[in-house]
Amino acid sequence: MATGHGDAKGTTAHTAADGHKAPFPPFQQETFASQLVSLAIAFVALYLIVSKIALPRVGGVIEDRQKAIEGDLAAAQKLKAESDEALKAYETELAQARARAQAIGAETRDKLNAQAEAERKTLEERLAGKLADAEKTIAATRATAMGNVRGIAADAASAIVQQLSGVTPDGNAVNSAVDASLKG
């Protein structure tokens, strides 16, 4: 059954009887024609398998994938259009809200300015009335004080003359001198 390694009679597929190696089997001229026929048969079989089974499946997968991509792109375009419309509506609402806020602010500012102006006028009128009353009181006080000044000045002049000269001056002379001095 098995041959020994040291046996010279046995041959293996790798060595030849004359001592050099046999050529590579695909390059042997005796088997070249049969190899071409088997290659042609394998090629035709592979071609039929690929063209009838594999390619239609791959083509179907590619078509399904293309349809899915086109559907996704259409859905994305539709969603983009909807989001653009929503953004435009949002911006319009925002602009309207800002305009309303500015109108409300202007109206409130005008009301407050009118109210402040009315309060200012009322306050000015009250202050003008108080100022007029104060001026009347000052004028009356001044008149009273000026009336007292003449008497005080006459008394002071009499006392000064008496102190300096030691003689009591005449009341009419002191009064005429004070009157002349007050007139300017």
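Helices, counted as DSSP runs of at least four residues, and strands, of at least two, are numbered from the N terminus. By this count, the predicted model holds two helices and zero strands. Helix H1 covers residues 32-165, and helix H2 covers residues 171-183.

Two packed helices are described by the angle between their axes and the distance between the axes. For H1 and H2, the angle is about 125 degrees and the axes lie 9 Å apart. The two helices are therefore oblique to each other, and H1 passes H2 in a right-handed crossing. On the H1 side, the contact is made by Val-149, Arg-150, Ala-153, Ala-154, Ala-157 and Ser-158, which meet Val-174, Asn-175, Val-178, Asp-179 and Leu-182 of H2. Seven of these contact residues are nonpolar, two are polar and two are charged.

Turning to the protein as a whole, 2% of its 184 residues are buried. Its accessible surface comes to about 15900 Å², with 63% belonging to carbon and sulfur atoms.

Technical notes: Residues are numbered from 1 along each chain as its sequence is written. This is a predicted model: local features need pLDDT of at least 70, side-chain atom pairs count only at pLDDT 80 or more; totals for chains, interfaces and linings use all residues. Side-chain values use heavy atoms; hydrogens and water are left out. Axes are lines fitted to C-alpha atoms, for helices over the stretch in contact, and angles run from 0 to 180 degrees between N-to-C directions. Angles under 35 degrees count as roughly parallel, over 145 as roughly antiparallel, 65 to 115 as roughly perpendicular and the rest as oblique. A crossing is left-handed if the near helix is turned anticlockwise from the far one by less than a right angle, and right-handed if clockwise. Contact means heavy atoms within 4.5 Å. Ala, Val, Leu, Ile, Met, Phe, Trp, Tyr, Cys and Pro count as nonpolar, Asp, Glu, Lys and Arg as charged, and the others, Gly among them, as polar. Buried means under 20% relative accessible area, exposed over 50%, partly exposed in between (1.4 Å probe, protein chains only). Accessible areas come from the Shrake-Rupley method with a 1.4 Å probe; for residues, only the protein chains shown count as cover.
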